Amino acid sequence: MTNPDRLDSQGGVSCPVCRGSVPPGRELRVSGFWTCPRCGFSWARPEEESPARYKLHPKGETGPDYRRFLLENFDRGLALAPGAGRVLDWGCGAETLSLKLLRERGLAAEGWDPLCPGSVLPDSPEVRQSFDLVFCLEAAGYFADPPEEFSRLASWLKPGGLAVIHTPLAPAGPEELARWRHIRERPCLSFYSKKALAILAASACLRWEGMEETPQGARFFFRRPLPVLAAGGVTLDLEGQSDKPLVPGDSNPGRVRMAAGGVGRNMAENLCRLGLEVEFVSALGRDFFGTFILKSCQKAGLGTAGVRKFKNESSPIYLSLLDDHHDMALALSGMSLFDRFDASQALAGVDRAESAARKRSFCPGGGPPFSALLLDGNLLPPAALAVRRRFPGLTAWMDPVSGSKGRRAAAYREGELLRELDVIKPNGLEVFAMIGAAPGPSPGLSPELLKAGRILLNRGPRRIYISLGEEGVARLESSKTAEAPGAPLVFKSPGAPLGPRIISATGAGDALTAGLLFHSLIREGSFLAAGAGEDLITGSAAAAFALASPQAVSEKLNPGELITLILKWEESAENFRGIF
């Protein structure tokens, strides 16, 4: 565990879970524990050794009460994960009662307990992502480093797998906590509030699925989402950055960068960095650039079974030129290969992607092995519509990519594709283009843009996120989903993103979309997402990582860092505003 006695720059204590700074004099010392007033997590002093305390827990009990406790938890977990075959008891102890009970149910059960010699599974690729169901019963209280242990637990679950965690639930308030029998009687290192558990789960890319109080504490359910199916553009990105103001018609000094990119690919990589699994459907040429791009996708964690490589075709290339303020001055897009990527070829890629996702996921019952569908405007409208109709039950997201491609998608068959999309994320210019109107008089948020957004909303999607550049991001919802239909909510990130200045705006929109989708799959409906506008905060926080990075996809982006930034921003409620 992070040393709780280590002072931060303000002389306060840093919480191991939410990383919040507890100012001097506000920390709560209860029965030898530190308690964070921000998230409610309580932890023992660092000199308390986990193995010494763990030996005091009655893991080896075989009496009827302990047996009943195990069976009740096993039955609840199996009821919520029907068809589970491979099961892990995380923190099984040195005895084998739990494994015996699980195996009596015909399950392939394994045990993991790093504090008990002889019960440790190898942390190998064969073990990771191999369990349908993981139980962690009365063991989370002995985690010396809860963020690390939760992340490891999540990594051993298959996509779609369920984690059942039983632990005492700490009461709120120092007086109640001081009187709480668990903190006085139990030899634990860590005690959790609902908020602390929700933070740990989201930081490990686990979705909160519910909580049940029990006589012994509380039982929590977390699920690892099924893969996202992303279908869209991939390119070789060539980006030029001018050191000085651009001079047209002259050679400008600067730097040139080459990397794999494309809206669809960038969104997919951002999702992977946030801990989600992604199967990617796209098209490449069978050339040097295509090989370079494919390897970069695989290195980033994308499933590439659905990528088609065309013979005698050049891979797509995107050339951008940024001015000395890091804003785009000009861009050229060579994406003609996608004019050949028709509906039949896209569906063939989907078949391969579906097969790959099903093999590595826990998805009983024959349903789609995906949690969401993410499209971009590089796909031909017939291809996008065919992919969308392949999985009509999935929530379908789309990034228009550009004004012309957004207009092409919106106009296809008089709006047939648009009516089958659930969420779209255009910028202001793309909103006007998608309704066939001229841009408004001002580049940012305006009554004209809001009116255009409402027109677009009435043509099909239930939700629109409009990226507004420096002005933030706005959300519009249809009357079917919004409490106040037509009334937008706008969020502008507080201050400079993660540093003193913006490094590059390239990829910020792709990160925004990925962050919004991450919220939908992980945070929406959880204990952490009780307030309005949580989706806007999450998306904007993801975009901040791209703005602070020289790459289109930030290497620093991960779910833990994202949640940390979100928690910081949520304290700045004044950055929300309703308009018009």
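Analyst: The protein has 18 helices and 26 strands, where helices (H or I, at least four residues) and strands (E, at least two) are DSSP runs numbered from the N terminus. This is a predicted model, in which local features need pLDDT of at least 70, side-chain atom pairs count only at pLDDT 80 or more, and totals for chains, interfaces and linings use all residues. Residues are numbered from 1 along each chain as its sequence is written, and side-chain values use heavy atoms, with hydrogens and water left out.

User: What makes α17 mostly covered?

Analyst: Buried means under 20% relative accessible area, exposed over 50%, and partly exposed in between (1.4 Å probe, protein chains only); in α17, 14 of the 14 residues are buried, while in the protein buried residues make up 56% of the 580 residues.

User: Why are β14 and β18 called paired strands?

Analyst: Two strands pair if DSSP finds at least two bridges between them, and 6 bridges join β14 (residues 235-242) to β18 (residues 317-322), so these parallel strands meet the criterion. In one of these bridges, Gly240 has Leu321 of β18 as its partner.
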